[in-house]
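The sequence and the model are shown first.

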Amino acid sequence: MKKIIVISFIIFFISGCAARINEVMNSWMYHHYSDLIASWRPPQEVFDDGYGGRILIYSTYISGNATIYDNYIWGSARSYSTYINPQTYGYTAYRMFWINKEGFIYRWAWKGF
């Protein structure tokens, strides 16, 4: 029962974070890209969108530390736990905006919280 509650809480938390990111990203639709740059700073990467516009890519590396216990079964159904030194983990979060020829945002996408 505890596992169900924990899993439900995690799903609820993640869906709330995703909804907030979608809300922020959508608020930039049809704004001029200069407003975005003034607010968010220049992007890390800029690419051609193939239609005369650009794609602005913002990326941030998010890191943290974790203490991990490696659980395994050894022998006849006996469970042991081995301590592994704290490790650094991380991922890159991306925010992407497509800009049309006139300089207005017409599409967005994101990956990572």
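## Thr92 in strand 3

Thr92 is partly exposed, its relative accessible area being 29%. The model is a predicted one. Thr92 belongs to strand 3. Apart from neighbours within four places in sequence, Thr92 is in contact with Ser59, Thr60, Tyr61 and Lys111. Phe113 is 21 residues from Thr92 in sequence, and the two C-alpha atoms are 8.7 Å apart in space.

Ile57 is placed in strand 2. With a relative accessible area of 11%, Ile57 counts as buried, because the cut-off for buried is under 20%. Beyond four places in sequence, the contacts of Ile57 are Pro43, Gln44, Glu45, Phe47, Tyr94, Arg95 and Met96. Ile57 and Trp108 are separated by 51 residues in sequence and by 9.8 Å between C-alpha atoms.

For Tyr58, residues up to four places away are again not counted. Tyr58 touches Leu36, Ile37, Trp40, Arg41, Pro42, Pro43 and Gln44, and also Ala93, Tyr94, Arg95 and Phe97.

In soluble globular proteins, nonpolar side chains tend to be buried together. Here the largest nonpolar core has 10 residues: Ile21, Met25, Trp28, Met29, Leu36, Leu56, Tyr58, Phe97, Ile99 and Ile105. Two or more of these residues come from each of helix 1, strand 2 and strand 3 (78-99).

Two members of the core, Leu56 and Ile99, are also in contact with Tyr33. Tyr33 lies in helix 2 and is partly exposed, at 21% relative accessibility. The C-alpha atoms of Tyr33 and Gly103 are 5.8 Å apart, although 70 residues separate the two along the chain.

Asp49 sits in the loop that links strand 1 (45-48) to strand 2 (54-74). What surrounds the side chain of Asp49? Not counting residues up to four places away in sequence, Asp49 touches Arg54, Ile55, Trp98, Ile99 and Tyr106.

Asp49 is buried and has no salt bridge. The side chain of Asp49 does have polar partners. A polar atom of this side chain lies 2.8 Å from the backbone nitrogen of Tyr51, and the side chain of Tyr106 makes a polar contact with the side chain of Asp49, also listed at 2.8 Å.

Side chains of opposite charge can pair when their charged atoms come close. How many salt bridges are counted in this model? The count is one salt bridge. The side chains of Arg20 and Glu23 form this pair, with an N to O distance of 3.0 Å.

Both residues of the pair are in helix 1 (residues 2-26), where Arg20 and Glu23 are three residues apart, about one turn of the helix. Arg20 has a relative accessible area of 47%, and therefore counts as partly exposed.

## Positive phi in two loops

Most residues other than glycine have a negative phi. Tyr30 is not a glycine, yet has a positive phi of about 70°. Tyr30 is in the loop between helix 1 and helix 2 (33-40) and is exposed, with a relative accessible area of 62%.

Arg41, also a residue other than glycine, has a positive phi near 85°. Arg41 is found in the loop between helix 2 and strand 1. Its relative accessibility is 43%, which makes Arg41 partly exposed.

## The chain as a whole

The protein chain contains two helices and four strands. Along the sequence, these elements follow the pattern α-α-β-β-β-β.

The chain has 113 residues, and 21% of them count as buried. The accessible surface of the chain is about 8500 Å², with 60% of that area on carbon and sulfur atoms. Of the contacts between residues at least 6 apart in sequence, 47% join residues at least 24 apart.

Methods:
Residues numbered from 1 in each chain as written. Predicted model: local features only at pLDDT ≥ 70, side-chain atom pairs only at ≥ 80, totals over all residues. Heavy atoms only, no water. Buried < 20%, exposed > 50% of the residue type's maximum accessible area, 1.4 Å probe, protein only. Lys, Arg positive; Asp, Glu negative; His and termini not counted. Salt bridge = Lys/Arg side-chain N within 4 Å of Asp/Glu carboxyl O. Polar contact = N/O pair within 3.5 Å; in protein donor to acceptor, adjacent residues only side chain to side chain. Contact = heavy atoms within 4.5 Å. Core = buried A, V, L, I, M, F, W, Y, C linked by side-chain atoms within 4.5 Å. Areas by Shrake-Rupley, 256 points an atom, 1.4 Å probe, with all protein chains shown as cover.
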